Amino acid sequence: MRRRRPGRSQARATLMQPVAEKIFFAGEHLAGPLMQTCGGARLSGEAVAKEVVAQLAAK
């Protein structure tokens, strides 16, 4: 089995974009300076939830 090296952090920017305005990703991996922490996961989830609510309210 080939091991992967750490990296590809630029992929986070892609994950932060909604897919077809229907699929949203959140979690510690998208928490910027708080990535890899529980607090980061919470803040990321709250931010995405607000984005979804705003999008639904606009419809």
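Student: Why does isoleucine 23 count as partly exposed?

Tutor: In this predicted model, isoleucine 23 has a relative accessibility of 45%.

Student: Why is serine 44 called buried?

Tutor: Serine 44 has a relative accessible area of 9%, and the limit for buried is under 20%, so the term applies. Serine 44 is found in helix 2. Leaving aside residues up to four places away in sequence, serine 44 touches Ala26, Gly27, Leu30 and Ala31.

Student: Why does glycine 40 count as buried?

Tutor: Its relative accessibility is 0%, which falls under 20%, and therefore glycine 40 is buried. Glycine 40 also lies in helix 2. With residues up to four places away in sequence again left out, glycine 40 touches Gly27, Glu28, Ala31 and Leu34.

Student: How do you know on which side of helix 2 the buried residues lie?

Tutor: The buried residues of helix 2 include Gly40, Ser44, Val48 and Gln55. They cover an arc of only 55° around the axis, which puts them on the same side of helix 2. On the other side of helix 2, Cys38, Arg42, Lys50, Val53, Leu56 and Ala57 are exposed.

Student: What makes the contact between arginine 42 and glutamate 46 a salt bridge?

Tutor: The criterion is a side-chain nitrogen of Lys or Arg within 4 Å of a carboxyl oxygen of Asp or Glu. The side chains of arginine 42 and glutamate 46 meet at 2.8 Å, N to O, so the pair qualifies. Side chains of opposite charge can pair when their charged atoms come close. The structure holds 1 salt bridge. Both arginine 42 and glutamate 46 lie in helix 2, 4 residues apart, about one turn of the helix.

Student: Why is arginine 42 called exposed, and why does glutamate 46 count as partly exposed?

Tutor: Arginine 42 has a relative accessible area of 59%, which is over 50%, so arginine 42 is exposed. Glutamate 46 has 33%, which lies between the limits of 20% and 50%, so glutamate 46 is partly exposed.

Student: What makes the phi of alanine 20 worth a remark?

Tutor: Phi of alanine 20 is near 55°, a positive value in a residue other than glycine. Most residues other than glycine have a negative phi. Glutamine 36 likewise has a positive phi, of about 70°, although it is not a glycine.

Student: Why do alanine 20 and glutamine 36 count as exposed?

Tutor: Exposed means over 50%. Alanine 20 stands at 61% relative accessibility and therefore counts as exposed; glutamine 36 stands at 65% and therefore counts as exposed too. Alanine 20 is found in the loop between helix 1 and helix 2, and the place of glutamine 36 is in that loop as well.

How values were computed
Residues are numbered from 1 along each chain as its sequence is written. This is a predicted model: local features need pLDDT of at least 70, side-chain atom pairs count only at pLDDT 80 or more; totals for chains, interfaces and linings use all residues. Side-chain values use heavy atoms; hydrogens and water are left out. Buried means under 20% relative accessible area, exposed over 50%, partly exposed in between (1.4 Å probe, protein chains only). Helices (H or I, at least four residues) and strands (E, at least two) are DSSP runs, numbered from the N terminus. Contact means heavy atoms within 4.5 Å. The arc is that of the directions from the helix axis to the C-beta atoms.
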